[in-house]
Amino acid sequence: MERQKGHTTDQWHPGPPHDHSKINFALQKTLLLPLTPQLGKLRYVDKTASVAAVSQEQSFDIRTATPEDWPGMWSILQPVIREGETFTWDRDTTEQAARTKWMKEAPGQTFVAVRQDTGEILGTGEFHANQAGGGSHVANAGYMVGANNSGQGIARALCAYSLSEAKAAGFRSMQYNAVVESNVRAVWLWQSMGFKILATVPEAFNHPEIGYVGLHVMYRKL
């Protein structure tokens, strides 16, 4: 596994009333805001809004993952899965089950963002056919970035890589089936990469902090 164009914060409807302190806490974690945020100075805002808008001065490379990369990938996947705030995976997913689910074969692909100077894995992504048979020309993808590596453009670069590689592999479009509505940082990022929200399934995700929120279905042509 994500900002401006959709004004997602105006569209977010968390469903039944919730404890506002929990909502604020969850949003603070999602947006990476300070305790007293200056809403006019959100650190993640990116107005470039294009696939090509990945920094040319980035300090990491994106490449196909190898079996030797798994320990580094698992160190990123595990905390995201355990938190249960952005992915619809069981929070007790085992390492072996996660590996089976995350590692893809052609025409899909699993890939990693690797720091150029140290080889440290900073993030990982994958894409695969969204459906079988007549739906196999549409790709689906997911991305995860290490908690300590936010704000470096890694998620954007992973997304851009997946769009290019999926098109090269013969996919005609990409669909995200379950973008958690409260994860506004990701929603805005994916919109800036050309994705549109086709629909929102109300209360389809039980967020551990704020309760039931919607899941967006997002789409773009390749």
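This is a predicted model: local features need pLDDT of at least 70, side-chain atom pairs count only at pLDDT 80 or more; totals for chains, interfaces and linings use all residues.
Where in the chain is the place of Pro 107? Pro 107 sits in the loop between α4 (95–102) and β2. The peptide bond that leads from Ala 106 into Pro 107 is cis, with omega near 10°. Most residues other than glycine have a negative phi, and most peptide bonds are trans.

**Overall architecture and confidence**

The secondary structure comprises six helices and seven strands. Read from the N terminus, the elements follow the order α-α-β-α-α-β-β-β-α-β-α-β-β. Of the 222 residues of the chain, 46% count as buried. The chain exposes about 11,400 Å², and carbon and sulfur atoms supply 51% of that area.

The average pLDDT of the chain is 82, and 74% of the residues score at least 70. Residues 1–18 form one of them, with 58 contacts in the model beyond four places in sequence. Residues 20–56 form another, with 51 such contacts.

Strand β2 (109–115) is largely enclosed by the rest of the structure, because seven of its seven residues are buried. Both of its faces are covered. On one side lie Gln 109, Phe 111, Ala 113 and Arg 115, and on the other Thr 110, Val 112 and Val 114.

β2 pairs with β1 in an antiparallel arrangement through five bridges. Within that pairing, Arg 63 has Val 112 as its bridge partner in β2. β2 also runs antiparallel to β3, to which six bridges join it; here Ala 113 stands opposite Gly 123. The hairpin of β2 and β3 has five residues between the strands, and Gly 119 in this hairpin takes a positive phi near 80°.

Glu 203 lies in β6. Its phi is near 50°, a positive value in a residue other than glycine. Glu 203 counts as partly exposed because its relative accessibility is 39%, which falls between the limits of 20% for buried and 50% for exposed residues.

| Strand pair | Bridges | Orientation |
|---|---|---|
| β1 and β2 | five | antiparallel |
| β2 and β3 | six | antiparallel |

Among the buried residues are Ile 154, Arg 156, Leu 158, Cys 159, Tyr 161, Ser 162 and Leu 163. Just after α5, Gly 170 adopts a positive phi of about 105°.

In soluble globular proteins, nonpolar side chains tend to be buried together. The largest nonpolar core of this model has 29 residues. Those with the most contacts inside it are Ile 62, Tyr 143, Cys 159, Met 174, Tyr 176, Trp 190 and Phe 195. At least two residues of this core come from each of β1 (60–64), β2, β3 (121–129), β4 (138–145), α5, β5 and α6 (184–192). Helix α5 gives the most, with nine residues. A second, separate core has 16 residues, including Ile 76, Phe 87, Ala 98 and Met 144.

**Ser 173 in strand β5**

Ser 173 belongs to strand β5 (residues 173–180). With a relative accessible area of 4%, Ser 173 is buried, because this value is under the cut-off of 20%. Apart from neighbours within four places in sequence, Ser 173 is in contact with His 137, Val 138 and Ala 139, and also with Tyr 219, Arg 220, Lys 221 and Leu 222.

Note on methods: Residues are numbered from 1 along each chain as its sequence is written. Side-chain values use heavy atoms; hydrogens and water are left out. Helices (H or I, at least four residues) and strands (E, at least two) are DSSP runs, numbered from the N terminus. Buried means under 20% relative accessible area, exposed over 50%, partly exposed in between (1.4 Å probe, protein chains only). Contact means heavy atoms within 4.5 Å. Accessible areas come from the Shrake-Rupley method with a 1.4 Å probe; for residues, only the protein chains shown count as cover. A nonpolar core is a set of buried Ala, Val, Leu, Ile, Met, Phe, Trp, Tyr and Cys residues joined through side-chain atoms within 4.5 Å. Two strands pair if DSSP finds at least two bridges between them. pLDDT is the predictor's confidence in each residue, from 0 to 100.
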